[in-house]
Amino acid sequence: MRLWMCLLVVFVSGPSYGRGLEKFWNHQLVTGCTVLDFNDTILAQLPGKFCAFFDDGSFVSASDTHLRFITKDNEVKWEIPGHFHHQLNLSIDKTKILALGSRIFPVKSNGSFRSDRLMVVDLAGKILHEADSEEVLKTTGIRWLAWEMTQAFREITGAGIEMSHFNSFYEIPKNPNPAFKAGGYIVNGHSQGSFIFSPDLQSVTLAPPLRIAFLNNSHDVQVTERGNLLLFVNKHRDGRHENPFSTVNEVDPRTQKSVFEFSATPKELFYSEYCGGVQELDGDHVLISDQLTGTFVYATKRKKILSAVRKTHKLNNTPGQAQQVKLFDLGKFLTSRGIKF
Amino acid sequence: MTSCLLLILAFLMGCSTVTNMPESAAVRRIPVDSKDQAKKVIENHVRYLRLLFEQSRDPYYGTPKWSDECLKANEIGESAAAGAALLSVSNLILDSKSQPGHCKGVSHTVVMLYCDGQKEVQEIKIPNPPPAGFGPRGLCP
C-alpha cells in the first residue's frame with residue numbers, strides 16, 4: 001500500500017527537478033550543428049560549426065571556410081566562401097540569415113589583421129547587407145582591440161591580430177525601448193560594447209553601455225521584448241581584482257538595474273572565460289550554457305535550476321567546450337529529414 | 001584507404017555468388033528521373049559526408065573536432081561507375097537512428113546504388129561485417 005502511495009505521489013508530482021520543464025521537454029538543444037534531447041540523446045549531427053534550421057529539413061551551415069545552404073536531400077544549394085565564427089542566427093521571420101564572418105587583410109609591417117564582417121543573407125544565398133568592423137569602429141569612435149590571436153585561430157584564419165571580436169548578432173524584436181528599434185540588429189563586440197545597426201546595416205550607433213558589462217567580456221547580447229538587454233557576462237572580478245566569475249543578466253539599460261541575475265554560490269564556481277550563451281524561453285525560464293560544464297534551464301522567479309544537461313559539453317564522449325547552446329522546437333525539421341525522436 | 005574500399009568492392013562485384021538483399025540491410029529508396037539525377041544524388045551523398053567529417057579546430061584550445069581514430073572509423077567512399085551501376089560504398093558508424101556523424105557505435109557499410117534503367121537510388125545500410133558474398137552487383141536486376 002505504501003509503495004503504491006509513493007508511486008502515485010511520484011506519478012502525480014513528477015520528478016521535482018523537472019517541474020516547470022514539461023513545456024520544453026519536446027524541444028531540442030542545439031550546440032553548434034549537433035541536435036540533442038534532454039535525455040542526452042544525440043538526434044542529429046550535421047556538417048559545420050554553427051547551424052540554423054528550417055521546418056522542411058533544410059539548414060544553413062557555417063564553418064571555417066564557408067556558409068552553406070543544405071537541402072533536406074543533403075544537396076548544397078549554395079555556398080559563400082569565408083571564415084565564419086561564433087554564431088549563426090535567423091531573422092525573427094526566418095527569411096534572412098545573420099552570419100558573422102571575417103575579413104583578413106595585411107597591415108604594413110604588422111602582418112595580417114582580422115576584422116569582423118557582418119552579413120545578412122537571403123535564403124537564396126544573396127548577400128543583402130554587409131558591414132565591416134573596421135568601418136563600425138571608425139564610425140562609433142571605438143578603438144581597435146589589436147588582440148593577438150591564439151595559435152589555433154591564426155592557423156584557421158591566417159591572421160595574427162584582430163581589431164574586433166564580434167560574438168553575437170541578433171535581430172531586434174518589437175520592444176518599448178526607443179534605443180532599440182525593431183527590425184534593426186544588435187551585435188556584441190567583445191570588450192568593445194554592443195552596437196545597434198539599422199536594418200540595412202548602413203548606420204550604427206553604440207548601444208547604451210551597461211555598467212555591469214562595460215569593458216568586460218560578454219557574449220550573446222540580445223534585446224528582450226521588454227527593451228532590456230539579456231547577456232552572458234563572462235568576467236567580473238572581486239574588489240581585489242582576483243577570482244573572476246561569470247553571471248547571466250537581464251539588465252534595463254535605462255536604470256542599469258538587473259531584472260534578474262544568475263550566478264553561483266560562491267560566485268567563483270560559475271566562470272566561463274571565453275564562451276557563454278543565454279536564451280529567454282518564456283517570461284520565467286532562461287536557458288544558460290557556460291563554456292565547459294553544461295547547459296541549464298533556470299527558473300528566474302523561483303531562482304532554481306530545473307535541468308542541467310552535461311552532454312552538450314561532452315559530444316562523442318569527449319569533454320569539450322560549447323560556444324553557446326540554444327533550445328528550439330525542431331520537430332518538423334527532424335521529421336522532414338526522416339529522423340525519429 | 002579509399003582504394004582499399006574500391007578493391008573490396010571490385011572483389012565483391014567479381015564474386016560469382018549473386019546475393020539478394022541481406023536480411024540485416026535497411027534500404028531507403030530515393031526516386032530519380034534519370035541516370036544523371038541518380039549520379040547527382042550519389043555525389044551529393046558523398047559530398048555531404050565529407051562536409052560532415054570535415055576537420056576543424058577549436059579556435060581557443062586548438063582541439064580537433066574529430067579524432068584520428070574517428071576519421072579512420074568513418075571511411076567515405078567515392079562516387080563511381082561500376083558496370084551498369086553507379087554507386088558509392090562507405091564505412092560509417094551509425095547511431096540507433098541510422099544517422100552518421102558518430103565516433104562510437106555500430107559500424108555499417110553504407111551503399112548508395114543506382115542500377116541502369118531504374119527509377120530509384122537505393123541507400124543500403126548493413127551492419128559490418130556484411131554477409132559473405134554481398135556485393136552491389138547482386139543487388140541490381
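Predicted model: local features only at pLDDT ≥ 70, side-chain atom pairs only at ≥ 80, totals over all residues.
1. Make-up of chain B. Chain B holds 4 helices and 5 strands. Read from the N terminus, the order is α-β-α-α-β-β-β-β-α. Chain B has 141 residues, and 28% of them count as buried. Among its contacts with a separation of 6 or more, 61% join residues 24 or more positions apart.

2. The sheet. The 5 strands of chain B make an open, antiparallel sheet in the order E1-E5-E4-E3-E2. Strands E1 (26-31) and E2 (80-82) of chain B stand at the edges; each has a single partner strand, so one side of each lacks a neighbour in the sheet. On average, neighbouring strands are turned by 30° against each other, direction ignored.

3. In chain B, strand E4 (residues 106-115) pairs with strand E5 (residues 120-127) over 7 bridges, in the antiparallel sense. Across this pair, Val111(B) stands opposite Ile124(B).

4. Helix on the sheet. Helix H2 (residues 35-52) of chain B packs on the sheet. H2 touches E1, E3 (85-94), E4 and E5 of chain B. The direction of H2 makes about 25° with that of E3(B).

5. Cores. The largest nonpolar core has 75 residues; Cys51(A), Ala99(A) and Ile186(A) touch the most other members. Beyond its neighbours within four places in sequence, Ala99(A) is in contact with Ala62(A), Leu67(A), Phe84(A), Leu88(A), Met119(A) and Val121(A). A second, separate core has 17 residues, including Ile42(B), Leu92(B), Leu139(B) and Cys140(B).

Technical notes. Residues numbered from 1 in each chain as written. Chains lettered and ligands numbered in written order. Helix = DSSP H or I, 4+ residues; strand = E, 2+ residues; numbered from the N terminus. Buried ≥ 20, exposed ≤ 12 C-beta atoms within 10 Å, placed from the backbone. Contact = placed C-beta atoms within 7 Å. Core = buried A, V, L, I, M, F, W, Y, C linked by C-beta atoms within 7 Å. Pairing = 2+ DSSP bridges. Axes fitted to C-alpha atoms, helices over the stretch in contact; angles between N-to-C directions.
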